[in-house]
Amino acid sequence: MNTPGSVSWEPTAAQAIIDELKSKPGALLPILHAIQNRFAHIPEEAVALIAPALKLSRAEVHGVISFYHHFRTQQPGRHVVEVCRAEACQAQGSRELEAHAKATLGVDYHGTTADRAITLEPVYCLGNCSCGASVRVGDEIYARMTPESFDELVEELRTERLEVQ
């Protein structure tokens, strides 16, 4: 997945998101999702804007961010690779795939490779249960993943394509 992380931190854009959503009931989660969608993570500077706008402490905002695994406070790699950990995928070998992915990439879940190419994340169902083990990169779901097909996918993700003009 090409993350939207190429968008650098813009306090005015973040403030516009907060202003648009802050009057909604339960505004914190929609604001956090929108900030992460825009910047690929939730920077500390965003917490400093969100907390006073919602009359919350920074600790309360951090508590919500840290509670939900979906939210990240660090910029992800160019691609986010999600390994399904649901029971159906586990029955089809996702635990072995998970161990292989961590060893191959040299990171644990929520970690990013040293070359900043890949961030590894767990996901708890991709709705592809009959075709496990499954992996998602961006909007693309890869079914029946094996360690070998995972290695091929990683090689493809790390290969940068150049356009000749």
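Biologist: In which sense do β2 and β3 pair, and over how many bridges?

Modeller: Strands of a sheet pair through backbone hydrogen bonds, either parallel or antiparallel. In this structure, β2 and β3 pair in the antiparallel sense over two bridges, where pairing requires that DSSP finds at least two bridges between two strands. In β3, Leu 120 is the bridge partner of Gly 111. The hairpin of these two strands has five residues between them, and Arg 116 takes a positive phi near 65 degrees there. This is a predicted model, in which local features need pLDDT of at least 70, side-chain atom pairs count only at pLDDT 80 or more, and totals for chains, interfaces and linings use all residues. Residues are numbered from 1 along each chain as its sequence is written, and side-chain values use heavy atoms, with hydrogens and water left out.

Biologist: How many residues of β3 are buried, and which lie on each side?

Modeller: Buried means under 20% relative accessible area, exposed over 50%, and partly exposed in between, with a 1.4 Å probe and protein chains only. In a regular strand the side chains alternate between the two faces of the sheet. Six of the six residues of β3 are buried, so this strand is largely enclosed by the rest of the structure. Ile 118, Leu 120 and Pro 122 are on one side, with Thr 119, Glu 121 and Val 123 on the other.

Biologist: Is Thr 113 buried or exposed, and what does this residue contact?

Modeller: Thr 113 sits in the loop between β2 (111-112) and β3 (118-123). With a relative accessible area of 2%, Thr 113 is buried. Contact means heavy atoms within 4.5 Å; leaving aside neighbours within four places in sequence, Thr 113 contacts Leu 105, Val 107, Ile 118 and Arg 158.

Biologist: How many residues has the largest nonpolar core, and which helices supply it?

Modeller: A nonpolar core is a set of buried Ala, Val, Leu, Ile, Met, Phe, Trp, Tyr and Cys residues joined through side-chain atoms within 4.5 Å. The largest here has 20 residues, and those with the most contacts inside it include Ile 31, Leu 32 and Val 61. Helices α1 (11-21), α2 (28-39), α3 (44-53) and α4 (58-67) each supply at least two residues of this core. Apart from it lies another core, of 18 residues, among them Val 107, Ala 117, Ala 133 and Phe 150.

Biologist: Is Phe 67 buried or exposed?

Modeller: Phe 67, which lies in helix α4, is exposed, with a relative accessible area of 60%. Over the whole protein chain of 165 residues, 41% count as buried.

Key. Helix = DSSP H or I, 4+ residues; strand = E, 2+ residues; numbered from the N terminus.
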